[in-house]
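This report goes through one structure, part by part. Please look at the sequence and the model before reading on.

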Protein chains: 2
Amino acid sequence: MKAAGFPPLAWYDALLELRRAANGLRAVDLEERMLLAQYSISRLVERLERADLLDRRPDPDDGRGRLLVLTQPGRDLLQAMWPAYAAAIQRHLGAALDKQEAVRMASLLQKVLDHGLAEIRP
Amino acid sequence: MKAAGFPPLAWYDALLELRRAANGLRAVDLEERMLLAQYSISRLVERLERADLLDRRPDPDDGRGRLLVLTQPGRDLLQAMWPAYAAAIQRHLGAALDKQEAVRMASLLQKVLDHGLAEIRP
DNA sequence: TTGCCGTCAATGCAGCTGCATGTAACACTC
DNA sequence: GAGTGTTACATGCAGCTGCATTGACGGCAA
């Protein structure tokens, strides 16, 4: 799935969410949007910061929180990544299932997902 | 999916394959049976050996190969693991999909899998 | 025999997950 | 305002993946 030489897909996801939220996100918001565990977000953010793709600054409204904000390199990378990923997704999934099959697959996976979430947050 | 306090599912798989092959397997055979990458097998085996679940001995017929053989603790663990995993699988998948849905899901996943393999081993 | 190539396996590096636990800041109650 | 509980985030530990490279051996052809 991963386009060689490019950062992981999760990085793309995270950067995308940050770009959508013009004023930065708190980690907890990113967690919700990405459906990742708290510690996964924490470490993902750590790597992204190390790669200079985002800034992690204190939240003025909540001393516990951190505001995550895209850096310019983050924006640039986001721009550069999309074409490669679109092609990979098409290659690996698009080519395997036709439209109707993809819809069925999505609906089945959604059922599993709902079930899983129901168990996690009852 | 993981039953708390038990080793990972992959360990169970590996031990099971070893038990099936009465005279031990070479790593390359385990690789084929588990559909894991060469380095994944190598490291999985390393951990299993460290946990004293298998022995890794030189293959008399091929100086490059290693023969993987279950130890007694390996056999015992295998015995102990099954009930817990069966329950977990039922809980997470069995309860989410009815029989017909499960069959559809399996067939769709198989298509994706076939497609992926076709690309990897053309 | 020697030389080359392919095969079997190990390993460094980096990203990711889950579990458990720790720390700091907030919020609510008495 | 102190005590108690909750929330936001970080982190140690261990298992796992993928990529790239290496080392050792086997097989074969010149």
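## Terms and model

Two strands pair if DSSP finds at least two bridges between them. Helices (H or I, at least four residues) and strands (E, at least two) are DSSP runs, numbered from the N terminus.

This is a predicted model, in which local features need pLDDT of at least 70, side-chain atom pairs count only at pLDDT 80 or more, and totals for chains, interfaces and linings use all residues. Residues are numbered from 1 along each chain as its sequence is written, while chains are lettered from A and ligands numbered from 1 in the order in which they are written.

## The sheet of chain A

In strand 3 of chain A, A:Leu68 lies opposite A:Leu25. Strand 1 and strand 3 of chain A run antiparallel and are joined by two bridges. The open sheet has three strands in the order 1-3-2, paired antiparallel. Strand 1 (25-26) and strand 2 (54-59) of chain A are at the edges with a single partner strand each, so one side of each has no neighbour in the sheet.

Helix 1 of chain A packs on this sheet and touches strand 1, strand 2 and strand 3 of chain A. Contact means C-beta atoms, placed from the backbone, within 7 Å.

DNA strand C has 26 residues around it, and A:Pro8, A:Ser40, A:Gly63, B:Val28 and B:Tyr39 come nearest. Elements giving two or more residues to this surface include helix 1 (9-20) of chain A and helix 2 (27-34) of chain B.

DNA strand D is also surrounded by 26 residues, the closest being A:Val28, A:Tyr39, B:Pro8, B:Ser40 and B:Gly63.

Key:
Near = placed C-beta within 6 Å. Contact = placed C-beta atoms within 7 Å. Axes fitted to C-alpha atoms, helices over the stretch in contact; angles between N-to-C directions.
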